[in-house]
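Trainee: Could you take me through one part of this model closely? I would like to start with a surface patch, then move on to the charged pairs.

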Amino acid sequence: MRARTAVLCSVADQGVAALTNILVLVAAARLSTLADFARFSAVYLVFTVLLGVSGAYTGQPLVLKRGAGEETRGACRSAVAFTVLAAAVLGALLAAVCVLVPGDTARALLMLGLVLPVVLGQDAVRYAFSTLQQPYLALLSDLLRLGCVLGALSVQDYGASPARLIAVWGLSALPALLLSATLLHRATAGSPLRLRPMLRRGHLGQRFTVEFGVGNATGQLSVLGLGAVGNPLLVGALRGATTLFGPLNVLFTSATSFGPPILGRIGDERRRIRATAALAAALAGIAALWATVLALLPDTAGRQLLGDTWPVAADLLPATGSQYAAMAVGTCGLLALRMLDPRTTLAIQVVFSLTAVAFLAGGYVVGGVPGAAWGLFLGSLCKATATWIRVARLRRRTAANDEDVTADALPAAP
């Protein structure tokens, strides 16, 4: 495929995948009471963490593969098989534990464990198609999943339990998984299946998983923790607000997943960094514009989107919009660091993810749920600032080294 067509298909695929997640939450909000949606959101947040771990461990190392030879095809096949097997083991453990725990949340987690191989396996195939330079197949799979999940949720009655909604949502991905597995088998037939390398020490996915854990999962799990020890509606409120910014997650994910190979085509390093900075400014502007659009929505339209969750989510729009603008700048800063020196991103993720958790907890103590939302913004702002300071320092260091090399290469004066 031509580069432009591949980029369009990749972005469209990310858009469809994110749209599916958004509409699932919107449908759940409309089908549930406020308390049930909070339970559903908590379980869906657990899935989001597991999805991110899966993508970091198998997906991100996979998309760094080059070429379409036998080694790459074997890596794609192995990554998908590893994801399905690991999800089956983890899902079985989760279901076994939740069988012994009473309550609606535990039953919903049990259902999540049962459908985990289906939803994570379908997502892993998307990375494989992208690596094989066939993003249109990933787009086809996600379109099928979108149609199935909307059809399945549309026939559910109001007041459906969180466990039922999780089961319906998870099983609706099965047709897309079967289609994707068939297409992937045709593309990788005869290639070797190697699972052990992904368990060995030094596998690149281990580093990416740590970065995800401290960069994303820490904040999400802290929200769950505050909801458990404080106000349970905190999870539903923050989840409802961030659901409205789902289109921006599409752009952020596209930048992270497909930015390095696209920006890598720019030969000059200084121009690459400038292009990344321009991308950061554009994404931040889009975030501010989207927040303004949401703030101007009539109350009736908001309730059509999120049902009973809309009033509490609407109060958080200024804070969440500011947070996403800061996240845009920070995401592009991490993208620039990946191109300059990928070893530098882990320390930033650790320090400022913990800082964000501290701001989240402190904000909740001072100002309740709105204070927690503003705390998340401050954490994202600090992280974005530190990231670009690090980019500037690395850029100056690289420029100085280039000057030294050039000086050494010049002939000595007679």
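Mentor: Patches are built from residues with over 30% relative accessible area and no salt bridge; like charges are joined within 9 Å, nonpolar side chains (Val, Leu, Ile, Met, Phe, Trp, Tyr) within 5 Å. Areas are Shrake-Rupley values with a 1.4 Å probe, and for residues only the protein chains shown count as cover. This is a predicted model: local features need pLDDT of at least 70, side-chain atom pairs need pLDDT 80 or more, and totals for chains, interfaces and linings use all residues. Numbering runs from 1 along each chain as its sequence is written, and side-chain values use heavy atoms, without hydrogens or water.

Val97, Val99, Leu100 and Val101 make a nonpolar surface patch of about 410 Å². Leu100 sits in the loop between α3 (70–99) and α4 (104–131). Helices here are DSSP runs (H or I, at least four residues), numbered from the N terminus. Leu100 is exposed, at 73% relative accessible area (exposed is over 50%, buried under 20%, partly exposed in between).

Now follow α4. Asp104 and Arg107 lie in this helix, 3 residues apart, about one turn. They form a salt bridge, with the closest N and O atoms 2.2 Å apart (a Lys or Arg side-chain nitrogen within 4 Å of an Asp or Glu carboxyl oxygen). Asp104 is partly exposed at 30%, and Arg107 is partly exposed at 46%.

Further along, Arg126 pairs with Asp123 at 2.7 Å, N to O. Arg126 is buried at 8%. Asp123 is buried at 9%. Arg126 also bridges to Asp142, at 2.6 Å. That pair links α4 to helix α5 (residues 135–154), 16 residues apart. Shared partners join Asp123, Arg126 and Asp142 into one network.

How values were computed
Helix = DSSP H or I, 4+ residues; strand = E, 2+ residues; numbered from the N terminus. Buried < 20%, exposed > 50% of the residue type's maximum accessible area, 1.4 Å probe, protein only.
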